[in-house]
Amino acid sequence: MSDPVEPVQGLNSPLVFTTVCGFSLYWACLFTMLMRNSFMDGGIEVLWYHFFLRIAFLVGCVAMCAAMAFATDFLSTQRGVRMQRGGVFMFSFVAITSSLIYHSTGMPMPLAFDCVAWGLAGVGLTCLFMPWVELMGSITRREMVLALAGSIALGACLYLMMNMLPFPFNIALLCIGPLCSLAIVVMLEHSDEVVPAPFIPRERSRENIKLTLPFRAMTIAYGVVLGLGIGLTTQIQGDAALYSGIAGATVFGVVAAVACLRFMPERVQQNGAFQILFPVLIIALLPMSFLQGAPATVCNMLVFACFAIFEIAGIYLMLFLSERHKASRLQLACSLQACLFAGVLIGHLIGVVATSSGVMDYPMLSAAALALVVVLAIMVTLFGVGPVDRSGALAKRKDIEPNVEHGRWRARCEAVAREHGLSARETEVFMLLAKGRGIEHIQGKLCISGHTVKSHVYNIYRKMDINSREELLDAVELYEIAAARPLPTEDTSHRD
């Protein structure tokens with residue numbers, strides 16, 4: 001059964017508004033570093049220079065996302081929190097230092113210096129992503145959707161504003177923005193309105209759920225397509241029209257993502273974001289394969305809309321899965337971001353190699369990206385791409401009975417069955433299902449027909465308000481966790 005997007009609880013508008021304002025500063029800085037801008041790219045006319053700076057930034061982002069996904073336990077400690085906050089300060093320091101040096105000398109610094117600076121900036125800005133992901137897991141799902149979508153939309157508007165402001169106001173906003181964002185998230189973490197979600201250790205999280213390799217590969221492939229599209233903007237003259245187009249396309253993507261979550265949340269929860277993006281990417285890349293100038297630029301703007309859709313749907317999916325399967329929010333979200341940024345990095349590298357060697361121009365690269373999207377569409381349609389692997393959790397559940405006293409395990413299943421009003425025969429079927437047995441095994445074990453087994457399974461699912469074997473196993477596991485005490489056994493000493 002798919003959980004609804006909107007919970008029963010009322011909407012905490014002040015909390016959502018504060019979260020949107022704080023998280024938007026992260027997105028504004030990310031868009032500024034990742035996309036074309038008017039002040040950090042000013043005076044750099046060499047095409048490959050743009051690519052190398054953003055490649056260095058993406059290397060820092062990928063490295064830090066991977067490190068955070070691996071070291072979630074350490075980052076939850078006081079020392080880890082201090083290091084993460086120090087990274088945010090490092091971003092501001094690097095941004096203001098490199099920008100002031102450039103504007104005071106009037107010429108770019110050596111490429112090695114700029115690459116190191118942009119790499120450190122990627123590490124520092126990614127550190128700001130962590131506390132906001134943790135905060136998103138502490139609010140209701142409806143508030144999370146609104147805050148995530150609103151922050152990206154407002155971040156796009158702030159990106160436009162930064163590009164329209166004159167020096168030094170644009171640099172000041174870039175440097176002060178992350179610090180203000182960090183201050184807001186720290187304030188929210190200590191407020192009474194936010195109840196921290198329970199911490200889940202990394203090893204336990206990996207036992208419960210892991211991102212599948214096909215899903216990671218698909219995310220990287222999408223990142224490659226998005227990276228090629230973002231790289232195209234380096235060939236476009238930077239002016240108010242370009243920056244407005246990027247901001248407008250991002251806001252359009254936010255609206256589309258919210259509509260998807262509003263009207264078909266089940267598809268997003270089942271990894272339907274891939275199918276949602278297919279038509280948009282094809283519409284964007286097909287004309288870019290043979291058009292140039294303004295028409296190609298307009299089509300390229302749709303790539304930025306796809307970036308916003310993927311970010312909202314992807315982060316929502318990771319937080320949804322972490323809540324459902326008791327997994328680490330930070331591990332899943334950072335793993336997704338690492339794969340996405342790795343794909344964007346590969347897309348930039350392909351652009352550098354192809355254009356510098358003269359092997360391919362950008363219309364040819366757009367055609368290659370279109371072919372990749374078509375291949376992805378065929379693969380997802382024919383084979384499907386499940387986002388998570390729960391084999392470890394299922395194997396652990398199947399081993400529950402051999403590892404505990406049989407009477408205690410049976411008592412737990414009986415307690416769950418009584419709680420949901422299962423009949424005696426349904427309880428027998430339920431116990432076999434909880435062991436991981438299939439229809440044929442249950443049919444032979446209980447000497448009943450397959451039709452009768454299916455009828456009992458239907459009644460069990462209906463009474464327990466579930467729709468899958470996974471949710472049945474979750475019910476047994478959650479009952480054990482909720483008890484947090486010795487499993488119930490019958491006590492007849494006080495009976496009459």
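These legends go with close-up views of helix packing and salt bridges in a predicted model. Local features need pLDDT of at least 70 and side-chain atom pairs count only at pLDDT 80 or more, while totals for chains, interfaces and linings use all residues. Residues are numbered from 1 along each chain as its sequence is written, and side-chain values use heavy atoms, with hydrogens and water left out.

**View 1. Helices H5 and H7 side by side.** Here H5 (residues 111–136) and H7 (residues 169–189) cross at roughly 30°, and their axes come within 10 Å. Axes are lines fitted to C-alpha atoms over the stretch in contact, with angles from 0 to 180 degrees between N-to-C directions; helices are DSSP runs (H or I, at least four residues), numbered from the N terminus. The pair is therefore roughly parallel (angles under 35 degrees). In contact (heavy atoms within 4.5 Å) are Leu 128, Pro 131, Trp 132 and Leu 135 of H5 with Pro 178, Ser 181, Leu 182, Ile 184, Val 185, Leu 188 and Glu 189 of H7. Sorted by class, that makes 9 nonpolar, 1 polar and 1 charged residues; Ala, Val, Leu, Ile, Met, Phe, Trp, Tyr, Cys and Pro count as nonpolar, Asp, Glu, Lys and Arg as charged, and the others, Gly among them, as polar.

**View 2. Helix H19 against helix H20.** H19 (residues 424–434) and H20 (residues 439–446) pack at about 135°, with axes 10 Å apart. H19 brings Arg 425, Glu 428, Val 429, Leu 432 and Leu 433 to the contact, and H20 brings Ile 442, Lys 445 and Leu 446. The tally is 5 nonpolar, no polar and 3 charged residues.

**View 3. A salt bridge between Glu 323 and Arg 141.** The two side chains meet at 2.8 Å, N to O (a salt bridge is a side-chain nitrogen of Lys or Arg within 4 Å of a carboxyl oxygen of Asp or Glu). Glu 323 sits in H13 (residues 294–325) and Arg 141 in H6 (residues 141–164), 182 residues apart. Arg 141 is buried at 11% relative accessible area, while Glu 323 is partly exposed at 46% (buried is under 20%, exposed over 50%, partly exposed in between; 1.4 Å probe, protein chains only).

**View 4. Lys 463 and Glu 426, another salt bridge.** This pair also meets at 2.8 Å, N to O. Lys 463 belongs to H21 (residues 450–464) and Glu 426 to H19, so the bridge ties together parts 37 residues apart in sequence. Glu 426 is buried at 5%; Lys 463 is partly exposed at 29%.

Terms used
Helix = DSSP H or I, 4+ residues; strand = E, 2+ residues; numbered from the N terminus. Parallel < 35°, antiparallel > 145°, perpendicular 65-115°, else oblique.
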